[in-house]
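User: I've got a model open and I'd like to go through it with you. Can we keep it quick?

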Amino acid sequence: MYVTPEQIQTANKTSVEAVLAVANAQFAAFEKLANISAGAVKTAFEDSIANTRALLSAKDVQEFVALQNSFAQPAMEKAIAYSKSVYEVATEANAELSKVAERRVAEWNEGFVNLLDKVSKNAPAGSDVAVAAIKSMLAASNSEYDNFTKVAKQATEIAEANVSAATETVKGLAKAKKAA
């Protein structure tokens, strides 16, 4: 069995496409993070200017302290929103990279099975048992990979639920503190 130039070209093209898919996913995530960060910095700067002006216009110490206390709630909410946005971008990027990895594993498995089929056709008599054993091991490893992927997805869902619950708890505590 010989490797043809077309097979090499196809393999190279597939590899380059996988690398480009990963690069595109990472660039999109970096772009979103940069936009989120730039917006957060701009908002923080504008808020600090507005807060400073408000503090400078305070007539007495009680008003000064009340103003300072009133700045905490919006700042906390903005920090939570920022954290949640960053987490969402990370989750999206992870999902996209997982899709690329899953496609590559599926392509590799398909190519390996095709190679085994070609080899088994030209193999000496009696080697069909070894080929069947290799195919069985490949099927078992694919099953384990699928189980691992399912567990990872479940862990991600649990983490997302925990982040949402923590966010709501912090918001609830902040509102309770403000009401008190």
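User: Start with Glu92. What does Glu92 count as, buried or exposed or something in between?
Analyst: Glu92 counts as partly exposed, at 44% relative accessibility. Buried means under 20% relative accessible area, exposed means over 50%, and partly exposed is in between (1.4 Å probe, protein chains only). One caution: this is a predicted model, where local features need pLDDT of at least 70, side-chain atom pairs count only at pLDDT 80 or more, and totals for chains, interfaces and linings use all residues. Residues are numbered from 1 along each chain as its sequence is written, and side-chain values use heavy atoms, with hydrogens and water left out.

User: OK. Which side chain does Glu92 meet in a salt bridge?
Analyst: That of Lys32, at 2.7 Å from N to O. A salt bridge here is a side-chain nitrogen of Lys or Arg within 4 Å of a carboxyl oxygen of Asp or Glu.

User: Where do Glu92 and Lys32 lie?
Analyst: Glu92 lies in helix H2 (residues 61-122) and Lys32 in helix H1 (residues 5-56), so the pair ties together parts that are 60 residues apart in sequence. Helices are DSSP runs (H or I, at least four residues), numbered from the N terminus; strands are E runs of at least two. Lys32 is partly exposed too, with a relative accessible area of 40%.

User: How many salt bridges are there by this rule?
Analyst: Three.

User: What does Lys78 form a salt bridge with?
Analyst: With Asp47; their closest N and O atoms are 2.4 Å apart. Lys78 lies in H2 and Asp47 in H1, so this pair ties together parts that are 31 residues apart in sequence. Lys78 is partly exposed at 38% relative accessibility. Asp47 is partly exposed at 26%.

User: And what about Arg104, which side chain does it meet?
Analyst: Arg104 meets Glu107 in a salt bridge, 3.2 Å from N to O. Both lie in helix H2, three residues apart, about one turn of the helix. Arg104 is partly exposed at 31%, and Glu107 is partly exposed at 39%.

User: Switching topic. At what angle do H1 and H2 pack?
Analyst: About 180°, with their axes 10 Å apart. That makes H1 roughly antiparallel to H2. Axes are lines fitted to C-alpha atoms, for helices over the stretch in contact, and angles run from 0 to 180 degrees between N-to-C directions. Under 35 degrees counts as roughly parallel, over 145 as roughly antiparallel, 65 to 115 as roughly perpendicular and the rest as oblique.

User: How do the residues of that H1 and H2 contact divide?
Analyst: Into 19 nonpolar, eight polar and nine charged. Nonpolar covers Ala, Val, Leu, Ile, Met, Phe, Trp, Tyr, Cys and Pro; charged covers Asp, Glu, Lys and Arg; the others, Gly among them, are polar.

User: Now the surface. Which residues form a nonpolar patch?
Analyst: Val61, Phe64 and Val65, with about 250 Å² of accessible area together. Patch residues have over 30% relative accessible area and no salt bridge; nonpolar side chains (Val, Leu, Ile, Met, Phe, Trp, Tyr) are joined within 5 Å, like charges within 9 Å. The areas come from the Shrake-Rupley method with a 1.4 Å probe, and for residues only the protein chains shown count as cover. Val65 is in helix H2 and is partly exposed at 37%.

User: Last one. How far apart are the C-alpha atoms of Phe64 and Val129?
Analyst: They are separated by 84 Å, and the residues are 65 apart along the chain. Val129 lies in helix H3 (residues 128-179). Val129 counts as exposed, at 60% relative accessibility.
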